[in-house]
Amino acid sequence: MAGKKYYVVWNGRKPGIYRTWAECEKQTKGFKGAAFKSYQSLEEAEKAFNQGGSFGQKAAKGSSSKKQANTSLEAIDENSISVDAACSGNPGLMEYRGVHTKTGEVLFHYGPVFGTNNIGEFLGIVHALSLLQKQEKNTTIYSDSMTALSWVRNKKANTTLVRDKRTEELWQLIERAEKWLKENNYSNKILKWDTNKYGEIKADFGRK
């Protein structure tokens, strides 16, 4: 009996890690320049997805024999939105923002508020999606957080942040973001920013 496989999609309709071939195929079939690969463990898949880079398709079940380059990060889409969060402590005072990738113009900003970096990254992506939907733009979004990408894909922020008076406002934003993801469809590409290849994401707060 074949062991469990995990499918990494670097370039597809919704890049991420999928647990079945059917889910992987849904994101890559008919998608020009699709790049994906199967792994035997979740740890391997997460490491590969986080690294990004130029991986081929041939290891994924049912993939084409033709070689196609992974274009998700080979050439940066400069007419895009880059999002990032900064947090002093974990949890601690957190803020997030989205900027135009080419110009660095700040398009939106929220915080500081008590929370975590992952929450900020998640809210940043959803904020960008909501903004682009209102503008009727199919603009690409970049994030350097694999966790946030996973939360967006699953339409659920899997956070352990305690809900109390200090975090109530943030929790309401989390619930609003989850609700938006469940009730809205989008075709925007949400891609993993390859920090090793391109340096810090353009929305970085520069506090490392």
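The questions and answers below walk through a predicted model of a protein chain.

Student: How is this model to be read, and from which number does each chain start?

Tutor: This is a predicted model, in which local features need pLDDT of at least 70 and side-chain atom pairs count only at pLDDT 80 or more, while totals for chains, interfaces and linings use all residues. Side-chain values use heavy atoms, with hydrogens and water left out, and residues are numbered along each chain as its sequence is written, from 1.

Student: How many helices and strands does the protein chain have?

Tutor: Helices (H or I, at least four residues) and strands (E, at least two) are DSSP runs, numbered from the N terminus. Read from that end, the elements follow the order β-β-α-β-α-β-β-β-α-β-α-α-β-α. The chain therefore has six helices and eight strands.

Student: In what order do the three strands of the open sheet with antiparallel pairing stand?

Tutor: Two strands pair if DSSP finds at least two bridges between them, and β1 (residues 6–11) is joined to β2 in the antiparallel sense over three bridges, with Gly-16 in β2 as the bridge partner of Val-9. The three strands form an open sheet with antiparallel pairing, in the order β2-β1-β3.

Student: In what order do the five strands of the open sheet with mixed pairing stand?

Tutor: Strand β4 (residues 81–89) is joined to β5 by nine bridges, running antiparallel, and the bridge partners in β5 include Met-94 for Cys-87 and Glu-95 for Ala-86. Seven bridges then join β5 to β6 (residues 106–115), again antiparallel, with His-109 in β6 as the bridge partner of Arg-97. The five strands form an open sheet with mixed pairing, in the order β6-β5-β4-β7-β8.

Student: How many residues of strand β5 are buried?

Tutor: Buried means under 20% relative accessible area, exposed over 50%, and partly exposed in between (1.4 Å probe, protein chains only). Across the 208 residues of the protein chain, buried residues make up 50%. Strand β5, residues 92–100, is mostly covered, and its buried residues number eight of nine.

Student: Is Glu-136 buried or exposed?

Tutor: Glu-136 is found in the loop between α3 and β7, and its phi is near 55 degrees, a positive value in a residue other than glycine. Its relative accessibility is 75%, so Glu-136 counts as exposed.

Student: Is Glu-178 buried or exposed?

Tutor: Glu-178 has its place in helix α5 (residues 168–183). Leaving aside its neighbours within four places in sequence, Glu-178 is in contact, meaning heavy atoms within 4.5 Å, with Phe-122, Lys-155, Lys-156 and Ala-157. With a relative accessible area of 8%, Glu-178 is buried.

Student: Which element supplies the largest share of the lining of the largest pocket?

Tutor: On a 1 Å grid over the protein atoms alone, a pocket is an open set of points where a 1.4 Å probe fits, with protein on both sides within 12 Å along at least five of seven lines, and lining residues have an atom within 4 Å of a point. The largest pocket has a volume of about 360 Å³, a volume being the space filled by probe spheres set on the points, which are joined across faces, edges and corners. Of the 18 residues that line the largest pocket, the closest to its centre are Ile-17, Glu-46, Ser-150, Arg-153 and Asn-154. The largest share of the lining, seven residues, comes from α4.
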